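Subject: The structure, and what turned up in it

Hi,

Here is the structure I promised to pass on. Have a look first, and then my notes on its core and its aromatic rings follow below.

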Amino acid sequence: HLAFRASFGAPLSYFHSGDGTMTIIDRIDGDLLSPSALKVALDFAKRGVCVLALHGVTNGRCDCGNRQCRSPGKHPIGKEFPSGHKSATTNRAKIRRVFSEYPNANLGIVPPPGHLVVDVDGEVGRESFEKLGLPETAYQITGRGRHYHFGLEGSWPDRPAKLAGIDFKTENGYVVVAPSTHLTAKKYRWSRRLRRITTVLAKDL
């Protein structure tokens, strides 16, 4: 079981960028709101967030070519990112090349240290999320639910609590971001309600 406490005014999503400087993500703004996956990827990279190109979706099927694909539109382009999220990059030249070669690609990011994404899937996930009692924060509307982005203070447990319809995304994986296309043909998009990323404190009870 996890307890979260809002920590307004505290530092948000601290992490080291590629040039060794300390960076903060506290708002979703600038080219992160662009309809161009390339522009979004470059803006994340500029902020020190590693990105990776994912196979896109065309006519309800994954561009990987496997008709039985179990993760359509959500898995990395293996030729470019053979080790999954561990291959993610902030290299602007590579990002430009890959998204030029794969113009229909979806976009994923690796949440940096100090950043937590709560992946809420469907009605079951919504009910579980409401029980957590978390403060408002920036979130994306996905094909089946929402991705809530938080700054995170404290140590994240190796085995977080399992909640129905909820998946916690940290630096040990990746998350799909706007303007990617879901299998349902819906576009991932940021909510206009709130663009600030709120910091929470995670504790084991």
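A residue is called buried here if its relative accessible area is under 20%. Y139 is buried by that definition, and so is Y148. Please keep in mind that this is a predicted model.

Those two tyrosines belong to one aromatic cluster, together with F129. F129 is buried as well. The structure holds 2 aromatic pairs. In one of them, F129 and Y148 are stacked, 4.0 Å centre to centre with 15° between the planes. This pair links distant parts of the chain, as F129 sits in helix 3 (residues 122–132) and Y148 in strand 10 (residues 145–153), 19 residues apart. The rings of Y139 and Y148 have centres 5.1 Å apart and planes at 40°, so that pair is tilted.

Now to the nonpolar cores. The largest has 33 residues, and F44, V51, A53, I95, F99, L107 and I109 have the most contacts inside it. At least two residues of this core come from each of helix 1 (37–46), strand 4 (51–54), helix 2 (92–101), strand 7 (106–109) and strand 12 (175–177). Helix 1 gives the most, with 6 residues.

What does I95 touch, leaving aside its neighbours within four places in sequence? I95 is in contact with L38, A41, L42, A45, V51, T89 and T90. There is also a second, separate core of 15 residues, which includes W156, I166, F168 and A202.

Best wishes

Terms used
Residues are numbered from 1 along each chain as its sequence is written. This is a predicted model: local features need pLDDT of at least 70, side-chain atom pairs count only at pLDDT 80 or more; totals for chains, interfaces and linings use all residues. Side-chain values use heavy atoms; hydrogens and water are left out. A nonpolar core is a set of buried Ala, Val, Leu, Ile, Met, Phe, Trp, Tyr and Cys residues joined through side-chain atoms within 4.5 Å. Buried means under 20% relative accessible area, exposed over 50%, partly exposed in between (1.4 Å probe, protein chains only). Helices (H or I, at least four residues) and strands (E, at least two) are DSSP runs, numbered from the N terminus. Contact means heavy atoms within 4.5 Å. Rings of Phe, Tyr and Trp (its six-membered ring) pair if their centres lie within 6.5 Å; planes under 30 degrees apart count as stacked, over 60 as edge-to-face and the rest as tilted.
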